[in-house]
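Please prepare a short report on the fold shown below, working from the overall dimensions to individual elements. The chain and its coordinates come first, and the description follows.

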Amino acid sequence: MIDICKKEECTGCYACVNVCPKSCVSMVTDSFGELHPVIDQQTCIDCRQCYNTCPNNRKLSLNRPLSCYAFWLTDYEKRKECASGGAATAISEYTISKKKGVVFGTAYDRTLTAKIFCAKNIEDLARFKGSKYVFSEVGNQTFKEVKSFLKMGTFVTFIATPCQIAGLKSFLKKDYDNLLTVDLICHGTAPSCYLSETVSFLKRKKGLSSLTNIRFRGNDGNNYVFTLWDNNRKVYSKNALFQPYFRAFLRGLSLRENCYSCKYAKPDRNSDITIGDFIGIGKTVPFKFNAKNVSSLTVNTDKGKLFVNGLQESTVASRWIERSYAEQLRYAPSLLHPFEKHPKTELFRKLVAEQGFIKAAEICLKGEIRRNYFLHIINYWTYLYRIPRKVVKIIFYRR
């Protein structure tokens with residue numbers, strides 16, 4: 001029996017599962033809720049393709065970005081459910097409408113489990129909108145499906161985390177002119193069972209019967225708010241400061257073990273294009289536009305540059321403002337180093353294995369959430385106090 005890679009380095013990218021000629025590698029949930037590969041020794045032929053394909057056992061190839069843009073869609077209806085400026089939406093729509101290609105991205109299935117799906121038309125792209133702050137399952141056949149499209153000459157855009165893109169590239173073993181890889185600036189991912197347990201708990205507690213979507217970000221007043229939806233009707237809403245799943249994710253309490261030592265969290269990237277929030281834009285270099293919910297889009301390769309040139313010349317209603325990559329690096333820690341462990345992460349993992357996510361999060365975050373409620377109340381009353389004070393100043397001090 002071989003170890004495909006060190007367990008603490010495994011990203012769950014599914015490359016080993018997709019490459020196995022005997023389908024004897026499967027992903028199994030461990031006691032912490034993380035998916036890891038397990039080999040069926042009865043059918044294994046010891047070909048070692050799983051080991052040789054694992055990106056953790058291959059040389060890492062990275063590119064320094066060639067250019068950096070602040071980007072946003074000017075069509076609010078297209079952008080309102082996007083996490084920031086809608087860069088992924090623009091890239092995806094251009095791929096399908098102009099390149100006559102397909103897009104692979106993350107969406108929820110019927111059980112609200114995040115997985116990689118293939119979109120073949122514009123209508124399918126709506127499912128990809130918004131950040132999915134959870135581990136996304138690549139699936140047993142996805143990389144094979146990508147390869148099939150590429151061999152047929154179909155243009156493929158693959159949007160995923162850097163480790164998933166590394167898995168795809170290791171599986172393909174060669175570059176394809178008709179493949180565009182787009183990585184997301186990644187904070188890390190939490191095991192999908194944590195989100196599933198949270199949703200099940202809220203359904204019971206709030207009496208929710210039908211749920212079709214989970215959202216964490218948006219330009220429609222739901223930014224950094226954990227919301228549950230029944231089609232277009234919002235049935236649950238909680239600010240990230242007070243919602244245990246969201247809070248645990250943002251504070252680095254509940255990430256997969258490999259995320260704390262991520263080798264892709266650095267300025268040089270392993271994809272053609274990198275997208276994410278343009279955090280801190282305008283703080284050091286003036287930015288005359290509204291800095292809220294602006295995407296960062298960096299071009300990392302000549303292939304990416306060629307694609308972006310076509311996108312800029314297309315009819316997509318958008319704004320492109322070239323900025324220094326140094327400005328992006330100044331405020332985006334996920335481009336410099338892995339996210340640090342929360343001080344209570346080890347306790348959290350112990351409690352998860354013993355009592356499940358809900359109880360573990362409650363114990364580890366109780367003090368933080370209580371403090372956030374207190375500060376929120378103080379800020380609220382301070383804000384109410386400032387309103388009459390401003391009125392008094394206008395009436396008496398400006399005479």
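Which residues in α4 meet which residues in α9?

## Packing of α4 and α9

On the α4 side they are Ala90, Ile91, Tyr94 and Thr95, and these meet Phe307, Gly310 and Leu311 in α9, where contact means heavy atoms within 4.5 Å. Two packed helices are described by the angle between their axes and the distance between the axes. Helix α4 (residues 87–97) and helix α9 (residues 302–313) pack at an angle of about 90 degrees, and their axes lie 11 Å apart; axes are lines fitted to C-alpha atoms, for helices over the stretch in contact, and angles run from 0 to 180 degrees between N-to-C directions. The two helices, α4 and α9, are therefore roughly perpendicular to each other, a label given to angles of 65 to 115 degrees.

## Basis of the model

This is a predicted model, in which local features need pLDDT of at least 70 and side-chain atom pairs count only at pLDDT 80 or more, whereas totals for chains, interfaces and linings use all residues. Residues are numbered from 1 along each chain as its sequence is written, and side-chain values use heavy atoms, with hydrogens and water left out.

## Overall dimensions

The chain holds 12 helices and 13 strands, taken as DSSP runs numbered from the N terminus (helices are H or I, at least four residues; strands are E, at least two). For its 399 residues a compact globule would have a radius of gyration near 21 Å, and the value of 22 Å for the chain agrees with this; the radius is taken over C-alpha atoms, and the globule rule is 2.2 Å times the number of residues to the power 0.38. Along its principal axes the C-alpha trace spans about 85 × 55 × 40 Å.

Of the 399 residues, 51% count as buried, that is, under 20% relative accessible area, with exposed over 50% and partly exposed in between (1.4 Å probe, protein chains only). Among contacts with a separation of 6 or more, 69% are made by residues 24 or more positions apart.

## The eight-stranded sheet

Eight strands form an open sheet of mixed pairing, in the order β5-β4-β6-β7-β11-β12-β3-β13; two strands pair if DSSP finds at least two bridges between them. Its edge strands, each pairing on one side only, are β5 (114–119) and β13 (318–323). Neighbouring strands of this sheet are turned by 25 degrees against each other on average, direction ignored.

Within the sheet, β11 (residues 273–277) and β12 (residues 295–299) run antiparallel and are joined by five bridges, with glycine 276 standing opposite serine 296 in β12. Helix α5 (residues 142–151) packs on the sheet, touching β4 (102–108), β5, β6 (156–160) and β7 (179–184), and its direction makes about 155 degrees with that of β6. Helix α6 (residues 162–172) also packs on the sheet, where it touches β5, β6 and β7, and its direction makes about 155 degrees with that of β7.

## Burial of α6

Helix α6 is mostly covered, since 10 of its 11 residues are buried, including Ile165, Leu168, Phe171 and Leu172. The cover over these buried residues includes α1 (15–19), α2 (49–53), β5, α5, β6 and β7. Just after α6, lysine 173 takes a positive phi of about 65 degrees.

## The β1–β2 hairpin

Strands β1 (residues 25–29) and β2 (residues 35–39) run antiparallel and are joined by five bridges, and threonine 29 has leucine 35 in β2 as its bridge partner. The two strands form a hairpin with five residues between them, and glycine 33 in the turn has a positive phi of about 90 degrees.

Methods
Parallel < 35°, antiparallel > 145°, perpendicular 65-115°, else oblique.
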